[in-house]
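Here are my notes for you on this one. Keep the viewer open while you read, and go through the points in order.

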Amino acid sequence: MAHLLSTTCYLDVSSSNKLHFKSINQCSTPIPISFNMGISFSPLKKLSLQRKKSAQYVVRASAVSMSQEAKTQNDSGSQQSTDGASTRKKVMVIGGDGYCGWATALHLSNKGYEVSIVDNLIRRLFDHQLGLDSLTPISSIHNRIRRWKSLTGKDIQLFVGDICDFDFLAEAFKSFEPDAVVHFGEQRSAPYSMIDRSRAVFTQHNNVIGTLNVLFAIKEFREECHLVKLGTMGEYGTPNIDIEEGFITITHNGRTDTLPYPKQASSFYHLSKVHDSHNIAFTCKAWGIRATDLNQGVVYGVRTDETAMHEDLVNRLDYDAVFGTALNRFCVQAAVGHPLTVYGKGGQTRGYLDIRDTVQCVEIAIANPANPGEFRVFNQFTEQFSVNELAALVTKAGEKLGLEVKTISVPNPRVEAEEHYYNAKHTKLIELGLQPHLLSDSLLDSLLNFAVQYKDRVDTKQIMPSVSWKKIGAKPKTVAA
Ligand SMILES: O=c1ccn([C@@H]2O[C@H](COP(=O)(O)OP(=O)(O)O[C@H]3O[C@H](CS(=O)(=O)O)[C@@H](O)[C@H](O)[C@H]3O)[C@@H](O)[C@H]2O)c(=O)[nH]1
C-alpha cells in the first residue's frame, strides 16, 4: 500500500544551538525528527526539544492556545516510575482516525494517558473511491486534534503514515516510545474484502503485514510495550458448541490440552484477523511479547462522552452496505423510511456492544496489561442478538417516535449460517471491571433521533447490498460497491 504522508525531516545539531530543520543531505549531523503533523503545521507558538534515551529528538509544538480549559477527568493514565515519580502512560492508537479508534484515542486522552495517533487516513480514501460518506459530517484529523486541545488542553501527537512501511512505523515508535499500542489500523469491512480480488489481497496484505510490522517494532524498539490488538468474534464463526474466550480444553484419545479455539472465519477480512492472531500468539511465545487480542463483536452507537463535546469531534457513522454494520444501518434505514434489510432468514446471531463499551474495554485492557510472553484473548461484546431481533427492536423504537418501520428479507449476499446455535462466553472483561451499557430503549431512541437529525445526508442508493460472496472475481470493480 502506498505510504501516504509520513513526515520526517532532519535536525542539524552540528551547527549552532539554534534549530535548523533540513533535508537529510543538507545536514552534517542529521537527527531524524518525526513531526506531530496535526499540530506542528498550524501557527506554532513554541517548540520544545527533548533529548530521548535513544538519542532521538522529538519536536513538540504546543498548539495555539484556544478557549476553555476543560475539566480534568479522573486520571487512570498515570503510572509509577522506578524512582516513585508518577508519569503518564503512553498509548499509541494505530487507526486513531477511524470509528472505534477516534473514540478510543479521545477517551484515553481524557483519562490522563499520553496519546498519539498513527493513521494513514485510508478509511477516508475508501469512501472517495466507492462514493460513500459518513452519515455525520466529520472534521479532518488535524481539526479534530486541534479542537480537542482547545477544549481540554490535552495534546495528541499525530503520525500520518502507513504501518506497512516499516521505516515510518519505526520512526513513530522511536519518537513516541509507547507503553501500549492499541491496534485498530486494519481494513475492517467484510464486504469490502469481498468486492474483488484486489480488495481481498489488499485487506490481507494490509492487515497481516501491518500487524507483523507492529510486532517487529515492539521487539526492536520497545519490548515491554503491551500490544492491544483488535480481533473479531468472527474468527470463531458459528460452531454448534459454546464459544470460549480464545482457548478450549480438549480431551482426545485420553489426553487433555488447552488449545486455541478453532477458527472458522467467513470472509477474507475475518480471515485476516485469524492470521493476525496466529502471528501474535507465535511472537508472544518466541519473543516474549505481551499481547491482548480483543475479539470484538459488532459495534453500534456513535456518541461517547468525548466525541459529544463539540461538532468537530463528532464520530463517523456508516450506514452503507460496505462499511455500515447491522444495528447502525437499521436505525438509519428507519429514519429515512427504507425497509430494514434483513439478509436471508435473519437468524444470524452475533455479539454486539455499544461504542462506549469499546472505549471502556480498551482502557481496561491497557490498565491491566498482559504479562511478558502472555497471549490473552478477551471476547469483547456485551449481548447477543439475531438480525431479526434487532429489526424487531428498531421497529418498536421507531413506532414510539412516530416512524413507520417495515422489514424486508433481502437475498443474503454472504455465505453464512442463517439459523444456528450461538453462545459465546464474555466474562473476562466483566471480571476486570467492565460496566456494560446494555442496549436499552433510551439508546435506541437516541440513535434513531441522531439518524433523523442527519437524514438529509443519507444517500439511499448506498443501502442495498451489491457485494456478493459468491460472485467475487478477479475483475476490478470500480463502481460504488
Ligand atoms: O443490512 C444488513 C447488514 C448485516 N446483516 C447481517 O448482520 C450480521 C452482522 O453483519 P455486520 O455487517 O453488522 O457485521 P460484520 O460484517 O460481521 O462485521 C462487523 O462486525 C465484526 C464483528 S463480528 O460480526 O465478526 O462479531 C467486526 O469484526 C467488523 O469489523 C465489523 O465491520 C451478518 O450476519 C449480516 O449478514 C443483515 O442482515 N442486514
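1. First, a term you'll need: a residue is buried if its relative accessible area is under 20%, exposed if over 50%, and partly exposed in between (1.4 Å probe, protein chains only). With that in hand, 55% of the 481 residues of the protein chain count as buried.

2. A word on ground rules. You're looking at a predicted model, where local features need pLDDT of at least 70 and side-chain atom pairs count only at pLDDT 80 or more, while totals for chains, interfaces and linings use all residues. Residues are numbered from 1 along each chain as its sequence is written, and side-chain values use heavy atoms, with hydrogens and water left out.

3. The protein chain has a mean pLDDT of 87, with 83% of its residues at 70 or more. (A contact means heavy atoms within 4.5 Å.) Where pLDDT is low, the predicted coordinates should not be read in detail.

4. Next, the elements. The protein chain has 13 helices and 21 strands; these are DSSP runs, helices being H or I with at least four residues and strands E with at least two, numbered from the N terminus.

5. Now the cysteines. There are zero disulfides here, a disulfide being a pair of cysteine sulfur atoms within 2.5 Å. For Cys331, the nearest cysteine sulfur belongs to Cys100 and is 16 Å away. Is Cys331 buried or exposed? It counts as buried, at 1% relative accessibility. For Cys361, the nearest cysteine sulfur is again that of Cys100, 11 Å away, and Cys361 is also buried at 1% relative accessibility.

6. Finally, zoom in on Asp179, in the loop between α5 (166–176) and β11 (180–183). Which side chain does the side chain of Asp179 make a polar contact with? That of Arg222, at 3.2 Å. (A polar contact is a pair of N or O atoms within 3.5 Å; within protein, one must be able to donate a hydrogen and the other to accept it, and residues adjacent in sequence count only if both atoms are side-chain atoms.) Asp179 and Arg222 are 43 residues apart along the chain, with their C-alpha atoms separated by 7.8 Å.

Note on methods: pLDDT = per-residue confidence, 0-100.
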